[in-house]
Amino acid sequence: MRLVASDLVMRYPGLSVPALENVGLRLDDGKLITVVGPNGSGKSSLLRVLTGVLAPTSGTVILDDRAISLWRPDALARVMAVVTQSEEPAFALRVDEAVMLGRYAHLGPFSAPSTTDLAAVQGAITRCDLEPMVERRIDTLSGGEWQRVRLARALAQDPRLLILDEPTAALDVRHEMQIFELIRNLVEGGLGAVIVTHHLNLAARFADQMLLLANGRVAASGTPSEVLRTETLREVFEWPVAVTAWTDGTPQVVPLRTGEIPPPA
Amino acid sequence: MKSRHLLFLIGVALLSLAIGIMVGPVSLSPGELWDAIKSSGGEAAPIIRQIRVPRVLLAFLVGGGLAVSGAALQALIRNPLADPYLLGLSGGAGLGAVIAIAAGFGGAWTVPLMAFAGAMLALALVYRLSLVQGRRLDPRVLILAGVIVSAFTGALMSAIMALSDASALRNAFLWLLGGFSGASWPTLGFFVLYALIPLVLLMASARALDLLALGDDSARHLGLDVGKARLIVYLSTGLLTAAAVATCGIIGFVGLVVPHAARRLLGPLHRPLLPAVFLAGGAFLVLADALARTAARPLELPVGVVTAVVGVPLFALLLRRTLT
């Protein structure tokens with residue numbers, strides 16, 4: 001399964017500056033792309049265009065040789081799962097009920113869940129570490145627990161592609177690392193994933209490719225070492241940084257204190 | 001739905017029907033009811049067959065239909081305060097029906113159709129009024145818009161009735177008060193004709209309603225055709241409400257009270273919830289009608305008075321909870 005976005009331009013009505021200008025991205029099976037950039041750089045717009053929620057002003061998004069706009073919602077949901085930044089459900093479902101909603105596109109209007117459906121839900125619950133809380137109502141969960149429920153629901157869709165908008169924003173270190181490790185494992189198993197995140201260092205450690213956006217344009221793209229360069233980051237984030245290397249060679253970014261002189265590379 | 005819940009609700013529904021058949025100007029004992037069910041003879045049989053049975057069945061189906069409409073609208077606008085009455089659907093349906101009656105083409109087929117047109121127009125107006133600042137739907141504004149549209153349709157109905165001639169006025173007024181005193185086998189038949197398809201469509205949309213309650217983006221990403229699902233819910237609730245208003249006038253709060261209570265018992269998933277809401281809504285309105293017939297004997301209260309007495313305090317409570 002391949003998702004290819006080319007020459008995307010997105011102009012919102014009433015705004016003179018385009019939210020996206022000539023942005024491209026190519027996601028293949030078994031690859032993880034992280035999208036980084038300052039607030040307002042176009043990350044969320046890119047995800048909305050990639051997932052077919054917004055039609056771009058110009059440019060194309062092609063999923064398996066077919067424009068994303070031509071996919072029926074249920075067919076799309078069987079291959080692509082999306083976890084948006086936030087969600088406020090009107091009613092307090094139980095955790096297992098909420099995860100079962102991920103099977104909607106696999107179920108008929110009157111049919112009961114099959115063993116495949118139940119197994120997908122159970123697997124997603126286990127992988128997201130939700131077993132201790134399956135019977136709790138979602139209005140009693142912490143922000144991080146709710147985020148894991150939504151990830152589990154996405155995994156229950158049994159997708160080939162996974163698109164996540166800041167999935168670990170409310171999570172502590174353990175749960176954040178568990179989520180990244182989990183997604184990386186799924187990617188090793190053939191899933192394609194796009195993650196928007198503000199965590200440059202985790203983005204670098206887990207990604208095959210990175211995309212750095214600034215003001216709706218691609219400031220840099222390529223491997224983490226190609227994207228995370230001192231000068232580029234300083235310009236894009238308008239803040240001085242130093243880039244060092246972790247023991248495995250992945251670049252790690254350290255924002256500098258005001259007036260601090262970076263150590264020589 | 002767990003089978004013990006289903007059995008319990010079926011029991012409650014049957015009990016309510018029995019009570020509804022037994023109470024009235026002539027009270028019947030359980031023995032007389034049993035005799036009439038068992039054989040075609042007996043003194044009470046004509047009352048039961050010609051008056052009581054169609055009346056309680058109509059009340060049951062209308063109650064179930066209004067309650068299911070309320071539950072579906074609550075998922076659609078993502079707020080437990082929705083109800084066909086509070087959102088102005090009933091008022092719009094009433095206006096459509098009054099226009100049909102006053103204009104002199106108040107037939108059994110035309111009144112529901114005019115009521116349906118009125119309900120759809122009212123809902124479109126409420127929806128448009130509550131879309132402040134682009135696409136974000138504030139439920140509080142939505143309720144306010146419903147109240148405004150209801151007030152407006154109420155004023156228009158009064159104006160039309162004030163300008164109509166005496167016999168048309170009397171018909172419209174009697175009907176508008178709401179109630180099942182005009183129930184007969186033919187009215188029951190017409191209601192079933194109009195209500196069956198929307199009821200089935202809403203039951204089939206149970207999972208879609210679960211997704212709509214999450215919000216449009218999440219619903220779409222989970223595979224729902226949001227536009228189509230919304231349209232089905234709009235049209236179905238509009239048709240159900242119109243059929244109810246056309247056969248028995250404006251009865252409020254059934255769609256508010258019953259789903260609220262059922263959700264506390266069964267949780268918010270719509271596949272178990274909607275059948276339960278149908279059964280409970282039916283039982284609720286049959287009992288409300290029984291109370292309306294007996295509370296001020298020999299006079300009969302409009303059944304909408306009874307449902308409002310139960311519904312208004314609950315509405316106030318829910319509103320406080322929403323605002324805090």
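In this predicted model, helices α1 and α13 of chain B cross with left-handed geometry. Helix α1(B) spans residues 3–22 and α13(B) residues 270–294; the two pack at an angle of about 20°, and their axes lie 9 Å apart. Because angles under 35 degrees count as roughly parallel, α1(B) is roughly parallel to α13(B). On the α1(B) side, the contact is formed by His5(B), Leu9(B), Ile10(B), Val12(B), Ala13(B), Ser16(B), Leu17(B), Ile19(B) and Gly20(B). The residues contributed by α13(B) include Ala276(B), Leu279(B), Ala280(B), Gly282(B) and Ala283(B), together with Val286(B), Leu287(B), Asp289(B) and Ala290(B). Classified by side chain, this contact comprises 13 nonpolar, 4 polar and 1 charged residues.

In chain A, helix α5 runs from residue 143 to residue 156. Its 14 residues reach 20 Å from the first C-alpha to the last, close to the 20 Å expected at 1.5 Å a residue. The helix is mostly covered, with 12 of its 14 residues buried. Among the buried residues are Trp146(A), Val149(A), Leu151(A) and Leu155(A), as well as Glu145(A), Arg148(A), Arg150(A) and Arg153(A). The elements of chain A that cover them include strands β6 (80–83) and β7 (161–165) and helices α3 (95–100), α4 (115–127) and α6 (173–188). After α5(A) comes Asp158(A), which has a positive phi, near 60°.

The contact between the two chains takes 23 residues from chain A and 22 residues from chain B. On the chain A side, helix α2 (residues 73–79) gives the most, with 3 residues. By class, that side has 15 nonpolar, 3 polar and 5 charged residues.

Conventions. Residues numbered from 1 in each chain as written. Chains lettered and ligands numbered in written order. Predicted model: local features only at pLDDT ≥ 70, side-chain atom pairs only at ≥ 80, totals over all residues. Contact = placed C-beta atoms within 7 Å. Helix = DSSP H or I, 4+ residues; strand = E, 2+ residues; numbered from the N terminus. Nonpolar A, V, L, I, M, F, W, Y, C, P; charged D, E, K, R; others polar. Expected span 1.5 Å × (residues − 1). Buried ≥ 20, exposed ≤ 12 C-beta atoms within 10 Å, placed from the backbone. Axes fitted to C-alpha atoms, helices over the stretch in contact; angles between N-to-C directions. Parallel < 35°, antiparallel > 145°, perpendicular 65-115°, else oblique. Left-handed = near helix turned anticlockwise from the far one by under 90°.
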